[in-house]
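Visitor: Could you take me closely through one part of this model, and then through the surroundings of its ligand?

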Amino acid sequence: MLIKKTAANAIVSSEITPESVYKARRDFLKYSIHAGMGLAALSQAPALWATTAAHAFSTDEAQTPYKKVTRYNNFVELGSGKAYPAKNAHRLKTSPWSVTIDGEIENPGTYDLEDILKPHTLEERIYRLRCVETWSMVIPWQGFALADLIKRFKPTSKAKYVAFETLHDPKQLPGQRSRFGSFDWPYVEGLRMDEAMHPLTLLATGLYGKDLPAQNGAPLRLVVPWKYGFKSIKSIVRISFTEQQPPTTWNKQSPEEYGFYANVNPTVSHPRWSQKRERRIGHFFKQDTLMFNGYAEQVASLYSDMDLHKWY
Ligand code: MTE
């Protein structure tokens, strides 16, 4: 299969809306870029660049500056300090890239990322992504609903969970060399099928109108905005459909501190700190953390019969 060298959602720089314009707008742009299109096709299809209404799940809160979003990261494989992932980002080769999609589905296989992206329309959605240490950001992501990919690959009735895996390659990801830490690599994560099918759950390929930088999880990462940031696994190479609940990296590392669900919940403290308040990156004062990160209306029904103090 021919693998093109260009990033899947590469666009010429003059076509990218400058960040200053983004920030000034209340009506955010929603790109309708067909991921597989070449530049020639783009220039012949101006209608696809039309400005449309904001995505239903977008927020009008001030966005976190691009520089902060891309220089204050958690990506242990690229270094354990917040600044290291950006410094080591050049080590990770994000194109060509392939993803294995397997387990309880009709057509398991390994696919070029380009082929995975082709049928999907990249949408802009602006979410607050909260992280383990209760800091948060507002990020305009580009991506598509994980649900659309799931529908394409036709899970069998046995598929109850979706498991995700990050690239395992210590040559490119220095944090995976054993001397750097005790994680059981690769980084793995999982969602229950109804969580994975929720329209808020995104597979992201870009932010701020640009391809994802490596430190943010290029070329493909998960974004689950009502959960703590560690659920949003980066640089995905495998998506598996399973009958059993899959293991997750932070839960394996410290089960008392990190559960499978990891829903943002100000009423459940982390054993070592309160999760009632958070610091928005770039703000001086902390603010109250909202249940399900402010998305209770959309997702609370997924957990209506569960004790969220037990299933943290
Ligand atoms: N994915 C991998 N593979 N490795 C990681 O260390 N860190 C997680 C998550 N995904 C992590 C990961 C954590 S703890 C957070 S808070 C978010 O990525 C951070 O995403 P950001 O750097 O884009 O803000």
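Guide: Asn 293 is found in the loop between β13 (287-288) and α9 (296-299), where helices (H or I, at least four residues) and strands (E, at least two) are DSSP runs, numbered from the N terminus. This is a predicted model, in which local features need pLDDT of at least 70 and side-chain atom pairs count only at pLDDT 80 or more, while totals for chains, interfaces and linings use all residues. Residues are numbered from 1 along each chain as its sequence is written, and side-chain values use heavy atoms, with hydrogens and water left out. Asn 293 counts as buried because its relative accessibility is 0%, buried meaning under 20% relative accessible area with a 1.4 Å probe and protein chains only. The side chain of Asn 293 also reaches the backbone oxygen of Arg 128, at 2.6 Å.

Turning to the ligand, 16 residues surround it, the closest being Val 76, Glu 77, Cys 131, Arg 221 and Lys 234 (a residue is near a molecule if one of its heavy atoms lies within 4 Å of it). The residues of this shell divide into seven nonpolar, six polar and three charged. Taken alone, the ligand exposes 530 Å², of which the protein buries 99%, with accessible areas coming from the Shrake-Rupley method with a 1.4 Å probe.

Key. Ala, Val, Leu, Ile, Met, Phe, Trp, Tyr, Cys and Pro count as nonpolar, Asp, Glu, Lys and Arg as charged, and the others, Gly among them, as polar. Buried means under 20% relative accessible area, exposed over 50%, partly exposed in between (1.4 Å probe, protein chains only). A polar contact is a pair of N or O atoms within 3.5 Å; within protein, one must be able to donate a hydrogen and the other to accept it, and residues adjacent in sequence count only if both atoms are side-chain atoms.
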